[in-house]
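Subject: Structure for your review

Dear colleague,

I am handing over the structure below, and after it you will find notes on what was found in it. Please read them with the coordinates open beside you.

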Amino acid sequence: MKKILFVSSEAVPFIKTGGLADVTGSLPKYFNHKKYDVRVILPKYACMEEQFKQQLEPVTEFYVELGWRKQYAGILKAKADGIQYYFVDNEFYFAGSRPYGEIYQDVEKFAFFSKAVLDALENIGFLPDIIHCHDWQTGLIPVFLEKVYKKRDPYKQIRTIFSIHNIRFQGRWKLPEVKDVTGLPEDVFTAEGIESYGESNYLKGGIVYSDAVTTVSKSYAMEIMTQQGGEGLDGVLRRYGFKLFGIVNGIDYEAFNPQTDAYIPFHYTAKNVLAQKKKNKQKLQEASNLPKSGDTFLIGMVSRMSFQKGFDLIACMMEEFLAKEQVQVVVLGTGEERYEQMFCYFAEKYPDKISVKIGYSEQDAHLIYAGADAFLMPSLFEPCGLSQLIAMRYGTAPIVRETGGLKDTVEPYNKFTQEGTGFSFANFDAKEMTEILYSAMDLYNTQKRNWNDLLIRGMNQDFSWSGSVEEYEKLYENVCRI
């Protein structure tokens, strides 16, 4: 049996700020547990909900040598969905009201976390065949393993895989300070190592020193090797392209299931999607203080409000769109103040057309997926995206820009062949997005049968983790042969 250790800064159900937590919290349980013993290790944040803290059982404690410092590390454990989780405890590093702080704090925090994870392996009696690291917060694990720990027998056979969930976030900080914190040898802080544009770069460390690199869709793997998509690391990724793999994310089909979802009032399958969605739509309109109308074309958005998500395009066309008859928009999310203010302005101006909730609620999100007619995701870039997968699962037509995982997962509607699972546009252009939006609305208004068939095709897609897990298992086998 192969032993796999997932290392992440967050994972559901214990701590979540974004899609990384959904992946690291749901993917492990889909492996064949007769062949793979998959476990997860996380920081024990002070901001973790009390219900989860009460589940934790102490395992061991030790001290971590971090440069010239010695820092305490406690290890606790808990189980969720049959998966063994471990937690690294240190009240100095993991205090605070949120998991992440200022970058100068986080680079030391996650250097400590990386070493604590490696030190913990012998202490918990779990020496994995592969350490699967996720995002820049774990980028130093392959570096420490290669430069420090492989000198010791128990660590010599361990292999590492590094997954990039969003290349924009890299863990960059001043070289002298990272040298001081980590105590790593000088050759690590060169252009051949983790130095990038005069700074240390944790994400680059993961790319250079791991045995394989993955990212969350095949298109995104190609995009990050270009100057436009590589965020300054395209040259490094082209150099190491031989070990870069794109494996599309999946979603948890137990958590997102319109047949059983406890968050939605009316359950349904592909066989009765139109009738039941109409009832959920009325509940969504009611909950959003919008006029009830089954004929109104209702667009949903559940998103972090940032430039990455294409909100500049929405700002350009919202006035024109809301001026039309028989349209409604329901928005749920939080983020940059300028976008929050934009939506609040439109909600005040068009109270019968748009409802905006600043914040996040799992129940509200599920009702939007189940009650909206279409789901808008005009992202500037999108490594994978989960919302379009959830939307299709719930029979809601995705309208997306052709980038990253959106391009890989949404087949554009073809009116001549009656194929496709959603609508898409190529350029980051408000006019092009608006034209596609109107095309979707026209199909909804004038060709109900074709619209229904589109929704059914989306619902019949398989975006569970099963296909992705097969690709990861093949990669694990290949990496173990290195």
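Arg-168 counts as partly exposed in this predicted model, its relative accessibility being 32%, and its salt-bridge partner is Glu-231, with the closest N and O atoms 3.1 Å apart. The two residues come from distant parts of the chain, 63 residues apart, since Arg-168 sits in the loop between strand 7 (159-164) and strand 8 (172-174), while Glu-231 sits in the loop between helix 7 (218-223) and helix 8 (234-239). Glu-231 is likewise partly exposed, with a relative accessible area of 31%.

The structure holds 23 salt bridges, and a few others deserve a look. Glu-477 forms one with Lys-2, where the closest N and O atoms are 3.6 Å apart. Because Glu-477 belongs to helix 17 (residues 466-480) and Lys-2 to strand 1 (residues 2-7), this pair ties together parts that are 475 residues apart in sequence. Glu-477 is partly exposed, at a relative accessible area of 24%, and for Lys-2 the value is 24%, which is again partly exposed. Asp-22 and Lys-16 also meet in a salt bridge through their side chains, at 3.1 Å from N to O, and Lys-16 is partly exposed with a relative accessible area of 40%. Finally, a network of salt bridges links Lys-29, Asp-81 and Asp-252.

Which charged residue is buried yet has no salt bridge? That residue is Asp-261, for which the nearest side chain of opposite charge, Arg-393, is 8.8 Å away. A salt bridge requires a side-chain nitrogen of Lys or Arg within 4 Å of a carboxyl oxygen of Asp or Glu. Asp-261 is placed in the loop between strand 12 (244-246) and helix 9, and, leaving aside neighbours within four places in sequence, Asp-261 is in contact with Ala-255, His-267, His-366 and Tyr-394.

Turning to the sheets, strand 3 (residues 57-66) and strand 4 (residues 69-80) run antiparallel and are joined by nine bridges, with Thr-60 standing opposite Ile-75 of strand 4. These two strands form a hairpin with two residues between them, and Gly-67 in the turn has a positive phi of about 65 degrees. Strand 4 also pairs with strand 5 (residues 83-89), in the antiparallel sense and over seven bridges, and there Lys-77 has Tyr-86 in strand 5 as its bridge partner. The hairpin of strand 4 and strand 5 has two residues between the strands as well, and in it Asp-81 takes a positive phi near 55 degrees; Asp-81 is one of the residues in the salt-bridge network with Lys-29 and Asp-252.

Another sheet is open, with three strands in the order 8-10-9 and antiparallel pairing. Strand 8 and strand 9 (195-196) stand at its edges with a single partner strand each, so one side of each is left without a neighbour in the sheet. Strand 8 pairs with strand 10 (residues 199-201) over three antiparallel bridges, and Trp-173 has Ser-200 in strand 10 as its bridge partner. Helix 5 (residues 175-182) lies across strand 8, strand 9 and strand 10, and runs at about 90 degrees to strand 8.

An open sheet of six strands, paired in parallel, has the order 15-14-13-16-17-18. Its edges are strand 15 (354-358) and strand 18, each having a single partner strand, so one side of each is left without a neighbour in the sheet. On average, and with direction ignored, neighbouring strands of this sheet are turned by 15 degrees against each other. Strand 16 (residues 374-377) and strand 17 run parallel and are joined by four bridges, with Pro-398 in strand 17 as the bridge partner of Phe-375. Helix 11 (residues 337-349) lies across strand 13, strand 14 (327-333) and strand 15, at about 145 degrees to strand 15. Helix 12 (residues 362-371) lies across strand 13, strand 14, strand 15 and strand 16, at about 145 degrees to strand 13.

Last comes helix 16 (residues 448-459), whose 12 residues should span 16 Å at 1.5 Å a residue, in agreement with the 16 Å between its end C-alpha atoms. Its buried residues include Trp-451, Leu-454, Leu-455 and Met-459, and what covers the buried residues of helix 16 includes helix 9 (273-287), strand 13 (297-302) and helix 15 (430-446).

Notes:
Residues are numbered from 1 along each chain as its sequence is written. This is a predicted model: local features need pLDDT of at least 70, side-chain atom pairs count only at pLDDT 80 or more; totals for chains, interfaces and linings use all residues. Side-chain values use heavy atoms; hydrogens and water are left out. Buried means under 20% relative accessible area, exposed over 50%, partly exposed in between (1.4 Å probe, protein chains only). The expected span of a helix is 1.5 Å times one less than its number of residues. Contact means heavy atoms within 4.5 Å. Lys and Arg count as positive and Asp and Glu as negative; His and the chain ends are not counted. Two strands pair if DSSP finds at least two bridges between them. Axes are lines fitted to C-alpha atoms, for helices over the stretch in contact, and angles run from 0 to 180 degrees between N-to-C directions.
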